[in-house]
Amino acid sequence: MQSVVVYDGDCGICEASARWIMDHVPTVDVVSHHQYGLTHIGSVWFVTDSGRLEGATAISAILKLANARMYRAIGIVIGLPGVLFIAGLVYALVARNRRHISRLFGMNACGLPPR
């Protein structure tokens, strides 16, 4: 099975990130949660033969497969125990505020209902 990145197809940040992954990590498929058959998704998924990773852990694993050494190194650093904990907190903060961040940068605002 080819590894696949599943992202929130209603989120501007997620769409921009998916385009970046398509350009820099050609060894994985990238699909929106709609294409994957989901009605919603709370964080990015990285699905492999070994299982599913989510959030900052998924980002670390995806970056480790990038075509540039610098991005692979960043993926390794993010995956370190203390760094991964902090990356998880940052990921959760961005995910919680992605609608506002998307609007701030002129991207499509997330289609998520307000909390």
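The lining of the largest pocket divides into 21 nonpolar, three polar and two charged residues. Here Ala, Val, Leu, Ile, Met, Phe, Trp, Tyr, Cys and Pro count as nonpolar, Asp, Glu, Lys and Arg as charged, and the others, Gly among them, as polar. Please keep in mind that this is a predicted model, where local features need pLDDT of at least 70, side-chain atom pairs count only at pLDDT 80 or more, and totals for chains, interfaces and linings use all residues. Residues are numbered from 1 along each chain as its sequence is written, and side-chain values use heavy atoms, with hydrogens and water left out.

**The largest pocket**

The lining is made by 26 residues, and Ile 13, Ser 17, Val 44, Ile 59 and Tyr 91 lie nearest the centre of the pocket. A pocket is an open set of points on a 1 Å grid over the protein atoms alone where a 1.4 Å probe fits, with protein on both sides within 12 Å along at least five of seven lines; lining residues have an atom within 4 Å of a point. The space in this pocket comes to about 660 Å³, a volume being the space filled by probe spheres set on the points.

At least two lining residues each come from β1 (4-7), α1 (12-24), α2 (55-63) and α4 (81-96). With seven residues, α1 gives the most to the lining. These helices (H or I, at least four residues) and strands (E, at least two) are DSSP runs, numbered from the N terminus.

**Two salt bridges**

Side chains of opposite charge can pair when their charged atoms come close. The structure holds two salt bridges, each defined as a side-chain nitrogen of Lys or Arg within 4 Å of a carboxyl oxygen of Asp or Glu.

Asp 8 pairs with Arg 98, and their closest N and O atoms are 3.0 Å apart. Asp 8 sits in the loop between β1 and α1 and Arg 98 in helix α5 (residues 98-104), so this pair ties together parts that are 90 residues apart in sequence. Both Asp 8 and Arg 98 are buried; buried means under 20% relative accessible area, exposed over 50%, and partly exposed in between (1.4 Å probe, protein chains only).

The other pair is Arg 52 with Glu 54, whose closest N and O atoms are 2.7 Å apart. Arg 52 is partly exposed, at 45% relative accessible area, and Glu 54 is partly exposed too, at 36%.

**On the surface**

Phe 85, Ile 86, Leu 89, Val 90 and Val 94 make a nonpolar surface patch of about 480 Å². Such patches are made of residues with over 30% relative accessible area and no salt bridge, with nonpolar side chains (Val, Leu, Ile, Met, Phe, Trp, Tyr) joined within 5 Å. The areas come from the Shrake-Rupley method with a 1.4 Å probe. Phe 85 belongs to helix α4 and is exposed, at 56% relative accessibility.

Pro 81 is also found in α4 and is exposed at 69%. Phe 105, in the segment after α5, is exposed with a relative accessible area of 59%. Ile 74 lies in helix α3 (residues 69-78) and counts as partly exposed at 38%.

| Pair | Apart in sequence | C-alpha to C-alpha |
|---|---|---|
| Phe 105 and Glu 54 | 51 residues | 24 Å |
| Pro 81 and Met 1 | 80 residues | 28 Å |
| Ile 74 and Ser 60 | 14 residues | 7.7 Å |

Notes:
Patches are made of residues with over 30% relative accessible area and no salt bridge: like charges are joined within 9 Å, nonpolar side chains (Val, Leu, Ile, Met, Phe, Trp, Tyr) within 5 Å.
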